[in-house]
Amino acid sequence: MTEQNMKIVRRLLDEVWTQGNLSLLPELIATDAVSHPMPQFGEVRGPEEYKQFIAVYKGAFRDMAFTVEDQFASDNKVATRWTSRVSEDSGDARPDAEDGEQVTIDGMTITHHDDSGKIIAEWAAWDSQSLLQSAAAPQIFEQLSIRV
């Protein structure tokens, strides 16, 4: 089961976050799942709210790619250390920013899986300082109603 759970997390990062295939979310995330993607934001519940959360990020960055750097599992939990590389699409958010600027964000995610392998809980910790310094930060924070 641990190998299957690790594959589910890899699919979430690769097929959903990187490739943008949001239709896979109900297959990977339980209806009653609770995710904690960033401390300032609070909880994301179920595939529909998760889809909205992803859409905000995908709308702020032209390109987004996740690489799994390290991953291990125990019982029904998976720990994944990842790197995300994004290209900013600042629009009018920060006139001094150059579109296409590359930002690298390092992070870790712990997922809890049910018996079918679906993610039922997720906790993420990542280098939010890189995001705060990006041209896309105002757009993301406004859409997620986050006060910095």
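I began with Glu43, which forms a salt bridge with Arg45, and I noted that the closest N and O atoms of this pair are 2.8 Å apart. I am working from a predicted model, so I keep in mind that side-chain atom pairs count only at pLDDT 80 or more. I then looked up how open the two partners are: Glu43 is partly exposed with a relative accessible area of 38%, and Arg45 is likewise partly exposed, at 45% relative accessibility.

Next I asked how many salt bridges the structure holds.

I looked up Arg11 and Glu15, whose side chains meet in a salt bridge at 3.0 Å, N to O. Both residues lie in helix H1, which covers residues 2–18, and because they are 4 residues apart there, about one helical turn separates them. I noted that Glu15 has a relative accessible area of 21% and is partly exposed, while Arg11 counts as partly exposed at 26% relative accessibility.

I then followed Arg11 to Glu27, where the two side chains meet in a salt bridge at 2.8 Å, N to O. This pair links distant parts of the chain, since Glu27 sits in helix H2 (residues 25–28) and Arg11 in helix H1, 16 residues apart. For Glu27 I wrote down a relative accessibility of 44%, which counts as partly exposed.

Key
Residues are numbered from 1 along each chain as its sequence is written. This is a predicted model: local features need pLDDT of at least 70, side-chain atom pairs count only at pLDDT 80 or more; totals for chains, interfaces and linings use all residues. Side-chain values use heavy atoms; hydrogens and water are left out. A salt bridge is a side-chain nitrogen of Lys or Arg within 4 Å of a carboxyl oxygen of Asp or Glu. Helices (H or I, at least four residues) and strands (E, at least two) are DSSP runs, numbered from the N terminus. Buried means under 20% relative accessible area, exposed over 50%, partly exposed in between (1.4 Å probe, protein chains only).
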